[in-house]
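Reader: I am new to this structure and would like to go through it step by step. Please show it to me before I ask anything.

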Amino acid sequence: MHLLRRNRRLRNSEAIRSLVRETTISPADFLVPLFVVEGKGIQEEIASMPGYYRYSLDLLHNEVKSLWAMGLKSVLLFVKVPDNLKDNKGTEALNADGLMQRAIKTVKDAVPDMLVMTDVALDPYSSYGHDGIVEDGYIVNDATTSVLAKMAVSHARAGADFVAPSDMMDGRILAIRDLLEKEQFVNTGIMSYSAKYASAFYGPFRDALDSAPGFGDKKTYQMDPANREEAIKETVMDIEEGADIVMVKPGLCYLDIVRDLKNTVEVPIAVYQVSGEYAMLKAAAEKGWLDHDAVMLEQVTAIKRAGANIIATYFAKEVVKLLS
Ligand code: PBG
């Protein structure tokens, strides 16, 4: 054969492969989710997320320092709220001395330059395990957004750099931006979970925070996994309402959505590789059915290739260790 073009010439050594590689991964790509609990000296493993932990504030301090030392500069905070503090209005979410507010201060105290993002939704605080206020079995929209806005301001006041509403109520970005502006938090950003699907992949996360819905499911507010164009509508609306960063969640099953958004919007796109995705790989690796590290790298690379500017993943530390 006298082929003029042979694509394999660009694959024949690691040197040439790395020279022509289109997507590379670095510590700067990652946002690290962290789970926080009350108490002292606590680092407890989450049963359905092997190798992932909930930390009490004292140990959170150390963890954040070690993340920073690895080049991981952004965290996304979640808190596990004791049952006796849960109600239907998210009262504890607004407590200026609540666990989230103290966690924000703990991170900033440990590493002042660490970027702190906080989850804004009522589910960890809700006696019903729902992301909003419940009335007659329905998650009401407008009353919920006003609590979320106050929650966002409370996080900003405690020192959060970005708030990350994960609830999928209509108009919450507008409500949050509006109140942040009124309260002079003009530099507090919003990372909106703009295309968040009603996914079955969140199970282990709900174990981690003991936040599973007490009745029903989240299908009246989170998106139908069958929908693609709706993700563009949701995301464009969130940008119009003031979102600085938008997000697609979960990750791997939704990379078509990531690419659609990449081709449509002009703000940074985050992808959340969620708890169920983490659990699946851990389980398969434990059985010896998949090469853990190779699959992990392939997955985060695919997420970035699809168009993610930011990857929120429980694998962040392991990926960075592997890279170095
Ligand atoms: C809460 C929230 C959830 C996740 C992030 N924020 C769970 C849910 O919506 O039920 C899931 C993250 C994961 O599974 O890793 N609003």
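Reader: Which elements are included in what covers the buried residues of H9?
Author: This is a predicted model. In H9 the buried residues are Ser275, Glu277, Tyr278, Ala279 and Lys282. The cover over these residues includes strand S3 (49-56), helix H6 (203-209) and strand S11 (269-273).

Reader: How far does H9 reach from its first C-alpha to its last?
Author: H9 runs over residues 275-286 and has 12 residues. At 1.5 Å a residue, 16 Å is expected. The reach in the model is close to that value, at 16 Å.

Reader: Which residue with a positive phi follows H9, and what is the angle near?
Author: H9 covers residues 275-286. The residue with positive phi that follows H9 is Gly288, and its phi is near 80°.

Reader: Is Asp291 buried or exposed?
Author: Asp291 is found in the loop between H9 and helix H10 (292-306). Its C-alpha atom is separated by 9.0 Å from that of Leu281, 10 residues apart along the chain. Asp291 has 12, so Asp291 is exposed.

Reader: Which residues surround the ligand?
Author: By class, the shell around the ligand holds 4 nonpolar, 2 polar and 6 charged residues. One of the surrounding residues is Ser275, a buried residue of H9.

Reader: At which residues does UniProt place the feature "active site", and what is the largest C-alpha distance?
Author: The feature comes from an unreviewed UniProt entry, which places it at Lys196 and Lys249. These residues are spread over 54 residues of sequence but cluster in space, with a largest C-alpha distance of 4.9 Å.

Reader: Why does Lys196 count as buried?
Author: Lys196 lies in strand S9 (residues 189-196). Beyond its neighbours within four places in sequence, Lys196 is in contact with Ser166, Met168, Gln222, Met223 and Lys249. The cut-off for a buried residue is 20 or more other C-beta atoms within 10 Å. Lys196 counts as buried because its C-beta neighbours inside 10 Å number 27.

Reader: What does Lys249 touch, not counting residues up to four places away in sequence?
Author: Lys249 is found in strand S10 (residues 245-249). Lys249 is buried, since 23 other C-beta atoms lie within 10 Å. With residues up to four places away in sequence not counted, Lys249 touches Tyr193, Lys196, Tyr197, Tyr272 and Val274.

Reader: Is the peptide bond from Lys249 to Pro250 cis or trans?
Author: Pro250 lies in the loop between S10 and helix H8 (255-262). Omega of the bond from Lys249 to Pro250 is near -5°, and the bond is cis.

Reader: Where is Met168 found, and what is its phi?
Author: Met168 is found in the loop between strand S8 (162-165) and helix H5 (172-182). Met168 is buried, because 24 other C-beta atoms lie within 10 Å. Although Met168 is not a glycine, its phi is positive, about 70°.

Reader: Is Asp210 buried, exposed or partly exposed?
Author: Asp210 is in the loop between H6 and helix H7 (229-241). Its phi is positive, near 50°, in a residue other than glycine. With 14 other C-beta atoms within 10 Å, Asp210 is partly exposed.

Reader: With which residues is Glu234 in contact, leaving aside its neighbours within four places in sequence?
Author: An unreviewed UniProt entry lists Glu234 as "binding site". Glu234 is in helix H7, and Glu234 counts as buried because it has 21 C-beta neighbours inside 10 Å. Leaving aside neighbours within four places in sequence, its contacts are Ser194, Ala195 and Met223.

Reader: Against which elements do the buried residues of H4 pack?
Author: Helix H4 (residues 142-158) has 17 residues, so it should span 24 Å at 1.5 Å a residue, and its end C-alpha atoms agree at 25 Å apart. Its buried residues include Thr144, Val147, Leu148, Met151 and His155. The buried residues of H4 pack against helix H3 (99-110), strand S5 (115-120), strand S7 (138-139), S8 and H5.

Definitions and conventions: Residues numbered from 1 in each chain as written. Predicted model: local features only at pLDDT ≥ 70, side-chain atom pairs only at ≥ 80, totals over all residues. Near = placed C-beta within 6 Å. Nonpolar A, V, L, I, M, F, W, Y, C, P; charged D, E, K, R; others polar. UniProt positions renumbered as here; feature names shortened; annotations may be inferred. Helix = DSSP H or I, 4+ residues; strand = E, 2+ residues; numbered from the N terminus. Contact = placed C-beta atoms within 7 Å. Expected span 1.5 Å × (residues − 1).
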